[in-house]
Amino acid sequence: MATIPMPTRQLFIDGEWREPILKNRIPIVNPATQDVIGDIPAATKEDVEVAVNAARRAFSRNKGKDWAKAPGALRAKFLRAIAAKVTERKTHLATLEALDSGKPLDETVWDMEDVAGCFEFYADLAEGLDAKQKAPVSLPMDNFKSYVLKQPLGVVGLITPWNYPLLMAVWKVAPSLAAGCTAVLKPSELASVTCLELADICREVGLPPGVLNILTGYGAEAGAPLAAHPSVDKIAFTGSFATGSKVMTAAAQLVKPVSMELGGKSPLIVFDDVDLDKAAEWALFGCFWTNGQICSATSRLLVHENIASEFIEKLVKWCKNIKVSDPFEEGCRLGPVVSEGQYEKILKFISTAKIEGATILHGGSRPEHLKKGFFIEPTIITDVTTSMEIWREEVFGPVLCVKTFSSEDEAIELANDSHYGLGAAVISNDAERCDRVSQAFEAGIVWINCSQPCFTQAPWGGVKRSGFGRELGEWGLDNYLSVKQVTLYTSNDPWGWYKPPC
């Protein structure tokens with residue numbers, strides 16, 4: 001168990017630490033011990049006003065030459081400096097993240113490496129942006145020329161979740177800053193500590209004041225006024241479908257663009273031509289990584305009936321081998337869920353599944369050896385029907401539901417039987433079948449013979465109620481750029497449409 005003290009921070013506005021105007025704070029609860037280990041500032045609409053104004057000034061300062069219209073290489077320099085500081089503080093940041101969110105330390109170390117990598121990636125894209133300006137457009141008329149400018153959208157509001165507290169924030173912060181936008185980040189109140197440490201890093205590297213402002217606080221008190229603010233030009237949101245719908249409603253009043261990543265209920269299809277142990281490990285990793293709190297979790301497992309009983313038996317054996325413990329214990333692979341509210345919610349999903357007639361084959365409650373903390377055993381639920389809540393709704397916890405199928409067509413139909421469409425996976429040794437299934441999936445991300453790998457270079461996002469827009473890769477940068485067409489008349493001849501006056 002780590003015992004490092006939690007840093008005491010304020011809001012980060014205009015390059016400075018500022019006490020919230022109403023002076024409120026939110027306790028930080030360690031999910032592994034249920035102890036209060038510190039607190040974070042609670043921003044309200046008054047603070048949002050100050051932060052948005054700071055971002056607006058930073059965007060237009062010196063006619064935009066300080067940031068928005070500066071060479072991409074200048075912004076890249078800051079992004080690389082931030083990446084270097086994250087790497088330097090990796091162990092400290094990973095420790096804070098594990099204490100705050102309950103994620104295993106091995107995972108949070110990996111997350112911090114990805115955070116640095118994300119800043120590096122977008123530094124490269126920021127540098128490349130200038131060379132791509134004035135990309136020519138081919139026209140059918142010789143007396144016109146046309147080209148495209150890509151310009152930053154302006155001030156962006158970034159609202160991010162608690163399952164990857166710093167990494168999910170950086171998926172938005174890095175590309176928005178690379179594009180030349182200025183930003184107000186509102187992380188989840190359930191895990192904000194590392195985002196405030198990012199503020200400290202920004203201060204240390206001398207990021208121009210107001211370019212990135214970080215407001216911790218409750219969604220209703222800080223997130224909602226940010227989404228509705230008339231001086232915010234775009235909102236990028238990751239979180240639940242219900243909150244996403246509210247954010248869209250607020251943005252709609254001003255016809256403000258939004259991009260949304262809203263979770264899922266992703267399927268994983270296992271055919272009967274696979275190595276059962278390899279497939280079992282991917283099936284569990286796909287649902288139990290990040291303590292089961294992952295929007296793209298392949299939490300609906302579809303197994304071919306020919307191997308179902310043997311495969312489910314393997315799953316249980318692998319499951320029993322997963323180390324559930326304090327995140328700082330050597331070899332921890334499943335820590336506590338993030339909060340008491342999430343803990344109660346997940347247990348309710350499990351009890352409802354039982355009431356509806358499903359079988360809790362493994363897990364389903366607190367591990368016997370852990371008397372406190374928000375721990376839930378890795379849970380496997382069988383005898384699931386498509387009308388059950390456990391099949392239809394996102395649990396956001398370590399709960400896998402299993403169903404069998406007999407044909408490829410049936411598997412695809414079951415896989416697509418969801419309001420969501422974020423991720424989908426298929427495991428089979430038949431490459432042609434994997435290709436057919438990949439094309440048939442109604443999802444934004446498909447994995448073949450694996451589940452959950454995520455690379456900064458590749459697009460991320462969903463369809464249906466999983467949202468729209470893409471993060472990561474070049475698509476992530478495009479999220480924060482406006483496309484401007486410029487067309488010029490190149491002929492010396494008059495246009496000649498109207499008869500000239502005498």
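Reader: Is Lys172 buried or exposed, and at what relative accessibility?

Author: Buried means under 20% relative accessible area, exposed means over 50%, and partly exposed lies in between (1.4 Å probe, protein chains only). Lys172 has 1% relative accessibility and counts as buried. This is a predicted model, in which local features need pLDDT of at least 70 and side-chain atom pairs count only at pLDDT 80 or more, while totals for chains, interfaces and linings use all residues. Residues are numbered from 1 along each chain as its sequence is written, and side-chain values use heavy atoms, with hydrogens and water left out.

Reader: With which residue does the side chain of Lys172 meet in a salt bridge?

Author: Side chains of opposite charge can pair when their charged atoms come close. The criterion for a salt bridge is a side-chain nitrogen of Lys or Arg within 4 Å of a carboxyl oxygen of Asp or Glu. Lys172 meets Glu471 at 2.8 Å, N to O. Lys172 is in helix 5 (residues 165-179) and Glu471 in the loop between strand 21 (467-468) and helix 15, so the pair ties together parts 299 residues apart in sequence. Glu471 is also buried, with a relative accessible area of 8%. Helices (H or I, at least four residues) and strands (E, at least two) are DSSP runs, numbered from the N terminus.

Reader: Which residue forms a salt bridge with Lys132?

Author: The partner of Lys132 is Glu474, with the closest N and O atoms 3.6 Å apart. Lys132 belongs to helix 4 and Glu474 to helix 15 (residues 473-478), so this pair ties together parts that are 342 residues apart in sequence. Lys132 is exposed at a relative accessible area of 51%, and Glu474 is partly exposed at 44%.

Reader: How many salt bridges are found in the whole structure?

Author: The search finds 30. Another of them joins Asp417 to Arg392, with 3.1 Å between the closest N and O atoms. Asp417 lies in the loop between helix 13 (408-415) and strand 17, and Arg392 in helix 12 (residues 389-392), so the pair links parts 25 residues apart in sequence. Both are partly exposed: Asp417 at 25% relative accessibility and Arg392 at 24%. Salt bridges with shared partners also join Arg9, Lys85, Glu88, Arg89, Glu197, Asp200, Arg203 and Glu204 into one network.

Reader: Which residue does the UniProt annotation "active site" cover?

Author: UniProt positions are given in the numbering used here, feature names are shortened, and annotations may be inferred rather than shown by experiment. The annotation, from an unreviewed entry, covers Glu261. Glu261 is in strand 11 (residues 258-261) and is buried, with a relative accessible area of 3%. Contact means heavy atoms within 4.5 Å. Not counting residues up to four places away in sequence, Glu261 touches Phe237, Thr238, Gly239, Cys295, Leu422, Trp460 and Ser466.

Reader: What volume does the largest pocket have, and which residues lie nearest its centre?

Author: On a 1 Å grid over the protein atoms alone, a pocket is an open set of points with protein on both sides within 12 Å along at least five of seven lines, a cavity is a set where a 1.4 Å probe fits but cannot get out, and lining residues have an atom within 4 Å of a point. Grid points are joined across faces, edges and corners, and a volume is the space filled by probe spheres set on the points. The largest pocket has a volume of about 890 Å³. Of its 36 lining residues, Trp162, Phe237, Gly239, Ser240 and Thr243 lie nearest the centre. Helix 8 gives the largest share of this lining, six residues.

Reader: What lines the second largest pocket?

Author: The second largest pocket, at about 400 Å³, is lined by 16 residues, with Glu281, Phe285, Trp289, Ile322 and Arg333 nearest its centre. Helix 9 supplies the largest share, four residues.

Reader: How many cavities of 30 Å³ or more are there?

Author: There are four. The largest cavity holds about 70 Å³ of space, and its lining includes Gly264, Lys265, Glu394 and Phe396.

Reader: What is the phi of Asp14?

Author: Most residues other than glycine have a negative phi. Asp14 has a positive phi, near 60°, and lies in the loop between strand 1 (11-13) and strand 2 (16-18). Lys464, in strand 20 (residues 463-464), also has a positive phi, near 55°.
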